[in-house]
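Student: I have a model to go through and would like to talk about its side chains. Can we take it topic by topic?

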Amino acid sequence: MNLTSTHRLLIKCYPLLLVLLLFAHTAVCQYPKRVEQEIQQYFIPFSDSSAALPSAFLEKLKDKTIVGLGEATHGTAEFERMFSLLSKELILKQGFNCIVLAEANFYDTRSLNDYVVYGKGEAETVIRLMRHQPNPLVEEEFRRLAEWVRSHNEKLPVEERVWMLGADAMSPRGAAYDALRLCRELKVNLPEETVQLLSEISVLPESMFEDYAKRNTMASVLSRTAQLQQALQHQASSAKLDARQRWLLQSVGTLDLAIRFFYDNYLLQKWSTRQFRDEAMLSNIQWVLKERPRAKLIVYAHNAHLEKKIGYQSLSGFGPYLGGQLDSTYGKKYYAICTEAQSGTYWAGDDDGDVAVIKKKTKVGDILGGIVKAPFGFLELTATRSISKYFASPLDMTFGVLVGSNNSSAKVNNLASAFDALLFVRKSTPKLRTKPKTPLRMFSLNLNMSPDLIRKIASKGEVTVSLNGSFVPSGTSLSGEGVVLGVLFLNGDKKVLGYHAAILSGKMDVGQAFKFPAGTEKVLLTFSGSSIKELGIQSMRVNGQVIALNELSYFGEGYDKSIELDEAGNSRIQIRER
């Protein structure tokens, strides 16, 4: 047999190669074994039925001002349940007094805070409305937590009661609505074009977000909101604002960030290297700490928002995220906990439904699941040098969000620098969402204008709506409370050519004019209302033409609509809450 020079070299070097391979194998086996023993020693286990968290873990949080609990997925019931348990323990045992659902909107959760602090409203309703659009189902764990906080607060003086609020700015609608409300209260006069912009944004349906972003440049929108910010800040600095008005002012202060995220998300459809949502979260958390100087916060958001340093490698080059900003601002007063699941399923949004947690040998959940036996537990990631070094190495973690494909894991590096501790869940189950028992109290009256009327409007170049009526507000703090007049212009292919809106006052004796876009073939006029007690319309005209009130179609939840006759025999639309 003829040997090549390569074969002869391999034979010559075989003893050395064998020694090197044996050494490498021994080192790899010994290192995980040492880490395994230390994880077993420092892992703090508990069961799902625990009424309290281990004191050994709570002791690590006693000197913290902000404790963040991340979620590896947005749809795991066990993560939310552990957040509720942690919140209750920190409130009862360590004086924490503010729960921040960081990915719920700040402006949409004033009603949530009013519920837990003052007992106003209903838990179902405020939870359903804490995102940037009404949720058809109730996030059950958060409803239960809100009810617990409300019950806990009843025993305390108002100034000592626990707050519960969001910090996000995923949509500019709520902040635009708050701007209009606050400007009316403080008698701030805005240019008509700014009022029109805020009115449109505050009621813009999500289905029209992308189209609106294409028709209106971000620069033009921000130039008009700059006028708002300047006028409002000047007036607010010279006025003595009450607590509710200070909340509204803070909401308006994040409007520009919400607009920038709006354009990134719906026009560019990509993440910016600047994290506008996280900047808004930090601003709102800092506002809480300014309003309540002795506040201690428990914060809940996705792991990716709360990491101190970049751990998820897919996020490298983006940021800074909320956790990084909290770390640089508050240092050791901020304690970050990530979560991880070994197996099971989780809810991944309405499009994907329930999906399986990825199984992978290099995934942190699978590694811990093979080392410990408890269904739940905490591990401090810097408990020993060996543990810290191991979790600084390249690994994988569960990563579930509500957009795109969710059945995935994500590469992580330097996990021990990104988080102080990890909460392990052996088996994930989908978050509990229940059918609501209480209606939201929302309605719309709609008129599809006839071709003859549209031609008449086109000849004038504008549509003028004259209305005689009134409504009675409920006086809640729900974002969007009131009645809005909206006009939608479409071409023959049903492409949106324009959308205009006006927020109406309680006495709706108004005449409102809107520019008529060229090429319009269809016009939809809408009166939409939310959280009011009742509404009555006596008459309506469009460009001088009387509109028969029975031509208005009705859609609603929580209201009854009727056509009634007044003493003179004239018809009148009446809408009353059930």
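Student: Which residue lies over the face of F261, and at what distance from the ring centre?

Tutor: R277 does, at 5.7 Å from the ring centre of F261. The criterion for a charge over a ring is NZ of Lys or CZ of Arg within 6 Å of the ring centre and within 35 degrees of the ring normal. Note that the model is predicted: local features need pLDDT of at least 70, side-chain atom pairs count only at pLDDT 80 or more, and totals for chains, interfaces and linings use all residues. Residues are numbered from 1 along each chain as its sequence is written, and side-chain values use heavy atoms, leaving out hydrogens and water.

Student: What sits over the ring of W347?

Tutor: The charged end of R433, 3.9 Å from the centre of that ring.

Student: Now ring pairs. How many aromatic pairs are there?

Tutor: The count is 20 aromatic pairs. Rings of Phe, Tyr and Trp (its six-membered ring) pair if their centres lie within 6.5 Å; planes under 30 degrees apart are stacked, over 60 edge-to-face, and the rest tilted. F46 and F376 are stacked, because their ring centres are 5.8 Å apart and their planes are at 15 degrees.

Student: Where in the chain are F46 and F376?

Tutor: F46 is in strand β1 (residues 44–46) and F376 in strand β9 (residues 376–380), so to speak of distance, the pair links parts 330 residues apart. Helices (H or I, at least four residues) and strands (E, at least two) are DSSP runs, numbered from the N terminus.

Student: Is F46 buried or exposed?

Tutor: Buried, with 8% relative accessibility. F376 is buried as well, at 4%. Buried means under 20% relative accessible area, exposed over 50%, and partly exposed in between (1.4 Å probe, protein chains only).

Student: And how are the rings of F209 and Y266 arranged?

Tutor: Their centres are 4.9 Å apart and their planes at 85 degrees, so the pair is edge-to-face. F209 belongs to helix α9 (residues 209–215) and Y266 to helix α12 (residues 255–268), so the pair ties together parts 57 residues apart in sequence. Both F209 and Y266 are buried.

Student: What does β17 pair with?

Tutor: Strand β16 (residues 482–490), antiparallel over 8 bridges; two strands pair if DSSP finds at least two bridges between them. G498 in β17 is the bridge partner of F489.
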